[in-house]
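Work through the exercises below with the structure open. Each task is followed by a solution in steps.

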Amino acid sequence: MVIAGTIPIKGLGLTRGNVEISFDNIRFYNENIPENTVQIPISMGTATLVASCYKTLQYFNRSNELVAILAGDIGDGEGSTKIYEEISRLNNKFLIVHYIKPKISEITKIDFERNFVVGDAGGMYAGKAAGIGDEFKLFLPDVGELAFLADKDSSHPAYVRGFISEVDDLDVIKLIKMAYETGKMPENMVIKGETDYIVQNGEIIATVSEPKHAAMECIGGTGDNLTGIISGLIYCGYEISEACTLGCMVNREIANMVTPTPDTKINEIIEAIPDALNKLID
């Protein structure tokens, strides 16, 4: 399993290897420099997704199968370019493309026939902008990002047409329909929000809305946490639709266990993943 994405650290070169979690950091073993390790705060960039996926795989005793491809990128696209070069060479991998500068000419170089590809954040934006969203297996947008996917003329979420951007959860069903009318969406999608929508071929097949913990909405990284849980469940053998529904339930069960406040740190949320899985999986 491979997670590819950027970290907003200037000068952090391309690093690829296995990871471990140490309190609020991911410890990264650099394949390119085996004697060196790099520690990155879990709250930073793609590290949140790496940590949540690691914890999910750890529950199934498969965390050693997780490889991260990370690079520093502070907006100039240099680190993103290095990541695109790496993932264009992957073969027969479960790949999650996460925070990365959207580059149409580079995202199309991924071999979608030989890899199982999930798109979130920048990886999702790039896939949509390139018109190859249907090559991905799964997108995980929030409601605002769904508006971007539904706007066939928009190349980035910052440029969604006004009438589409002024939406709330009541418009989700309409936006799902608009997104799939483009014919360029993946078969599976999870829309994260006050209610989580699990979508297959443009149809809502399940929703998860309880329990509600408003504080989860203001803790940075909870959406990335959900992406990591769902992806880990799929990798460990769950059917995509089943993994999406169970992952949303696990994310909300974590809130029950942690009883978060706006001051709760994302590493506290991630640490509870195994206990939540243990409670919901027979």
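**Exercise 1.** How are α1 and α8 oriented to each other?

Solution. The model is predicted, so local features need pLDDT of at least 70 and side-chain atom pairs count only at pLDDT 80 or more, while totals for chains, interfaces and linings use all residues. Residues are numbered from 1 along each chain as its sequence is written, and side-chain values use heavy atoms, without hydrogens and water.

Step 1. Two packed helices are described by the angle between their axes and the distance between the axes. Helix α1 covers residues 47-59, and its axis packs against that of α8 at about 40°, 7 Å away. Axes are lines fitted to C-alpha atoms, for helices over the stretch in contact, with angles from 0 to 180 degrees between N-to-C directions.

Step 2. Angles under 35 degrees count as roughly parallel, over 145 as roughly antiparallel, 65 to 115 as roughly perpendicular and the rest as oblique. α1 and α8 are therefore oblique to each other.

Step 3. On the α1 side, the contact (heavy atoms within 4.5 Å) is made by T48, L49, S52, C53, T56 and L57. The α8 side includes D224, N225, G228 and Y235. The residues of this contact of α1 with α8 divide into six nonpolar, seven polar and one charged.

**Exercise 2.** Describe how α8 packs with α9.

Solution. Step 1. Helix α8 (residues 222-235) meets helix α9 (residues 240-258) at an angle of about 135°, and their axes are 8 Å apart. By the cut-offs of Exercise 1, α8 and α9 are therefore oblique to each other.

Step 1. Among the residues that make the contact are L226, I230 and I234 of α8 and A243, G247 and I254 of α9. In the contact of α8 with α9, twelve residues are nonpolar, four are polar and none is charged.

**Exercise 3.** What kind of aromatic pair do F94 and Y235 form?

Solution. Step 1. Rings of Phe, Tyr and Trp (its six-membered ring) pair if their centres lie within 6.5 Å; planes under 30 degrees apart count as stacked, over 60 as edge-to-face and the rest as tilted. Seven such pairs are found in the whole structure.

Step 1. The ring centres of F94 and Y235 are 5.8 Å apart and the planes stand at 85°, so the pair is edge-to-face.

Step 2. F94 lies in strand β6 (residues 94-97) and Y235 in helix α8, 141 residues apart, so that the pair links distant parts of the chain.

Terms used: Helices (H or I, at least four residues) and strands (E, at least two) are DSSP runs, numbered from the N terminus. Ala, Val, Leu, Ile, Met, Phe, Trp, Tyr, Cys and Pro count as nonpolar, Asp, Glu, Lys and Arg as charged, and the others, Gly among them, as polar.
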